[in-house]
Amino acid sequence: MRRLEDQSEDEDENLIKPKKLINPISESRSHQELHRELLSTHKSVEKPELQRVLESRKRDQLIRQRKQEEEAHRTISPLEAELLRRHKKLEEYEQQQQENLKAPEFVKVRENLRRTSVEKNQS
């Protein structure tokens with residue numbers, strides 16, 4: 001009996017044993033690095049998604065609140081108000097000048113006549 005077992009073992013040794021097939025994708029260096037990176041990031045990110053979303057909303061809300069507070073504290077100084085008023089007045093004057101350039105000649109002459117008549121009446 002012993003001989004039969006020895007004989008079967010000898011036959012097993014003489015047979016070609018199949019090797020495990022190599023997966024080229026999982027054996028590639030880039031795949032291994034990517035897998036390692038995914039594992040490390042997965043370990044470091046332990047917060048649930050809902051908690052991350054809530055934290056980002058809270059952070060955004062704080063930022064908006066700070067901006068509103070800064071705008072509320074920022075008041076227009078009298079100098080700035082005067083500069084804005086003069087700037088608007090200058091824009092209106094320039095707009096009137098452009099409209100006058102578009103007006104026909106008889107309208108321009110009529111306005112000049114009005115000015116001269118007003119100036120004579122004031123004098």
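Modeller: Glutamate 82 and arginine 86 both lie in helix H5, four residues apart, which is about one turn of the helix. Helices here are DSSP runs (H or I, at least four residues), numbered from the N terminus. The model is a predicted one, in which local features need pLDDT of at least 70 and side-chain atom pairs count only at pLDDT 80 or more, while totals for chains, interfaces and linings use all residues. Residues are numbered from 1 along each chain as its sequence is written, and side-chain values use heavy atoms, with hydrogens and water left out.

Glutamate 82 forms a salt bridge with arginine 86, and the closest N and O atoms are 3.1 Å apart. The term denotes a side-chain nitrogen of Lys or Arg within 4 Å of a carboxyl oxygen of Asp or Glu. Glutamate 82 also forms a salt bridge with arginine 85, where the closest N and O atoms are 2.4 Å apart. This second pair, glutamate 82 and arginine 85, likewise lies in helix H5 (residues 78–102), with a spacing of three residues, again about one turn. An α-helix has 3.6 residues a turn, so residues three or four places apart point the same way. The structure holds two salt bridges, and Glu82, Arg85 and Arg86 are linked in a network of them.

The three side chains can also be described by accessibility, for which buried means under 20% relative accessible area, exposed over 50%, and partly exposed in between (1.4 Å probe, protein chains only). Arginine 86 counts as exposed because its relative accessibility is 55%. Arginine 85 is partly exposed, with a relative accessible area of 44%. Glutamate 82 is partly exposed as well, at 28%.

As to confidence, pLDDT expresses the predictor's confidence in each residue, from 0 to 100. The protein averages a pLDDT of 81, and 88% of the residues score at least 70.

H4 has 25 residues and reaches 36 Å from its first C-alpha to its last, close to the 36 Å expected at 1.5 Å a residue; the expected span is 1.5 Å times one less than the number of residues. H4 is hardly covered, for the count of buried residues among its 25 residues is zero.

Conventions
Helix = DSSP H or I, 4+ residues; strand = E, 2+ residues; numbered from the N terminus.
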